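This report covers how the parts of a structure touch one another.

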Amino acid sequence: MIQAEELKYAYPGSPDVLRGINLTINDGEFVAIMGENGAGKTTLVKTFNGLLLPTVGTVKVDGVNTRESSVAKLSKDVGLVFQNPDHQLFSETVKQELAFSLRNFGYGEDTIERRVATILETLDLTRYAESSPFVLSGGERKRVALAAVLVWNPKHIILDEPTIGQDYQQKDRLRNFIVQLNAQGKTVIIITHDVEFVAECKPRIVLLSRGLIVGDGPAEAILSDDQLLARSSMTRPQIGALMHQLGDLGLPEGVIDVYSAERAILQTVRRRK
Amino acid sequence: MSLKVFDGFKFAKLPTSIHMMDPRAKFVMTIGIFSAALLFSNIYALIVIFLVQLPIVYAARTWKKWAASMRAGLFLAVLIFVMNFVFGSTFVFSAAMTLRFVSLMSAFSIFFMTTSPDDLGLALEQARVPYTLSFTFTTAVRLVPTMALDAQTVIDAQRSRGLELDRGNLVKRIRNYIPILIPLIVSAIRRSIELAEALESRGFGASPNRQPLIVLRMKTTDYLVVALTFFMIGVAVYVYLYVPLPTPDIAITMPKIFPWL
């Protein structure tokens, strides 16, 4: 469980970026942190693995206060995948890149070999095992960065803008993969501006604006609240907007994804017949 | 790893006499301090060169940033002292070399903290440096804070993967920086290629005859600063050639651990 209490954070010489966050993320939850640019989303998740320590308040990961632990220790349980893969790739081959963190955490060579092979297979990267990560495409590099964190099997996984630079099919695969991870009992936290992606996944949404939580609830409720969305410089997903526009026809509110919309439309049409 | 050292090279506009000086006059002053620091290896002379800079920092109202950059450079300063001392230099000479480094760092820190990259570009252009070169130089200066931010992100990303920069002996600690340096170099190269393409797409270099909107003009105080700098350099050369400077009598040396040195 990740718990933030009265969390405030300010970068040196700047005003507070986080201005009193109270948030509990339970084990096995799927949460999307959303909000306008500069709302404090990345700053918030950086406090979860101790990269940033609160200026006021506390952050506890599975009961451990982040002030009383180290980034290396916390990272073993909290895997953070950064937005730009180029900020972390450095090895000669993809295989070595994946082994890097396992060596840091002190795993034996047998385990490293086994885990690297498994994660390469899972993320469809086996054919790139001996390639340099720098010659891969943007989307592939992003997958390598994801694999480089998943390889040590952290309990909580945080993905910062995972959909940027991914084509539609890759986004689909990513969504399935995230849902699968969550089904395995992992806590998954994503930071994203991609309302369409969130509408398809339907996680719990934590909406930030100017360093404060302004909304927290199921995706259907948050992504249908125009006032809340405007406050965070967001709009409804396209399906949600369409269903809202067609509300006069008796279509229900709060429908945000294609499959639910299809069901709702068919029900309405059948009723009218 | 502290990246505060970059703050000491970041320009911030302030209404002080140092900020408003002509960049060319400031550059001559910086080169004057630079030359004097390289000329002397006597500790008293280097103390004077260092102290001369303090009133300038005071007048520029950049104490905090200057102090932060000095603190951030502490590691290198200690390294210079230790390396000199371990490899057979006396205590006083090692301290002098450290002070030389600190003086050089301070001089360039003052210059970059008080000179905007735009003024620097104008000064280079008016000194008939080709525009492409002056643009390259000012862009590099402008990108220093961006690179510092990148470096911090890379450090955060690698620490999140269990990298502990301060773990291990000296060799291990130096090797710990490889996962930081490679992504940083790669992203710098990628950024420079993207920048070059963006510039070319926007017609950079299409017109060979550029007309600057602002023309820098030296004021009386600027000429005075240049004259004073040349005078001080003359005094420094005279002292170096004709005045025997005392050396403190501290005979501490490291026992010879490398007999071939």
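## Contact between the chains

The contact takes 19 residues from chain A and 18 residues from chain B. The model is a predicted one. On the side of chain A that touches chain B, two or more residues come from each of α2 (71-77) and α3 of chain A. Sorted by class, this side of chain A has 11 nonpolar, 6 polar and 2 charged residues.

## Domains of chain A

Chain A is assigned domain 1 (2-223) and domain 2 (236-273). The C-alpha centres of these two domains of chain A are 33 Å apart. Across the boundary, 9 residues of domain 1 of chain A are in contact with 8 residues of domain 2 of chain A.

On the domain 1 side of this contact, α7 (195-201) and α8 (219-222) of chain A each supply at least two residues. The largest share of that side, 4 residues, comes from α7(A). The residues of domain 1 of chain A that touch domain 2 of chain A comprise 5 nonpolar, no polar and 4 charged.

## Helices α3 and α4 of chain A

Two packed helices are described by the angle between their axes and the distance between the axes. For helix α3 (residues 94-104) and helix α4 (residues 109-122) of chain A, the angle is about 130 degrees and the axes are 10 Å apart. An angle of about 130 degrees makes α3(A) oblique to α4(A). The crossing in which α3(A) passes α4(A) is right-handed.

From α3(A), the contact is made by A:Lys95, A:Leu98, A:Ala99, A:Leu102 and A:Arg103. The partners from α4(A) are A:Ile112, A:Arg115, A:Val116 and A:Ile119. Taken together, the contact of α3(A) with α4(A) has 6 nonpolar, no polar and 3 charged residues. Helix α3 of chain A also gives two or more residues to the side of chain A that touches chain B.

## Helices α2 and α11 of chain B

In chain B, the axes of helix α2 (residues 23-39) and helix α11 (residues 220-242) come within 9 Å and cross at roughly 10 degrees. Angles under 35 degrees count as roughly parallel, so α2(B) is roughly parallel to α11(B).

Helix α2(B) makes the contact through B:Ala25, B:Val28, B:Met29, B:Gly32, B:Ser35, B:Ala36 and B:Leu39. Helix α11(B) contributes B:Asp222, B:Val225, B:Val226, B:Thr229, B:Met232, B:Ile233, B:Ala236 and B:Tyr240. The residues of the contact of α2(B) with α11(B) divide into 11 nonpolar, 3 polar and 1 charged.

Conventions. Residues are numbered from 1 along each chain as its sequence is written. Chains are lettered from A and ligands numbered from 1 in the order in which they are written. This is a predicted model: local features need pLDDT of at least 70, side-chain atom pairs count only at pLDDT 80 or more; totals for chains, interfaces and linings use all residues. Domain bounds come from an automatic or database domain assignment. Two residues are in contact if their C-beta atoms, placed from the backbone, lie within 7 Å. Ala, Val, Leu, Ile, Met, Phe, Trp, Tyr, Cys and Pro count as nonpolar, Asp, Glu, Lys and Arg as charged, and the others, Gly among them, as polar. Axes are lines fitted to C-alpha atoms, for helices over the stretch in contact, and angles run from 0 to 180 degrees between N-to-C directions. Angles under 35 degrees count as roughly parallel, over 145 as roughly antiparallel, 65 to 115 as roughly perpendicular and the rest as oblique. A crossing is left-handed if the near helix is turned anticlockwise from the far one by less than a right angle, and right-handed if clockwise.
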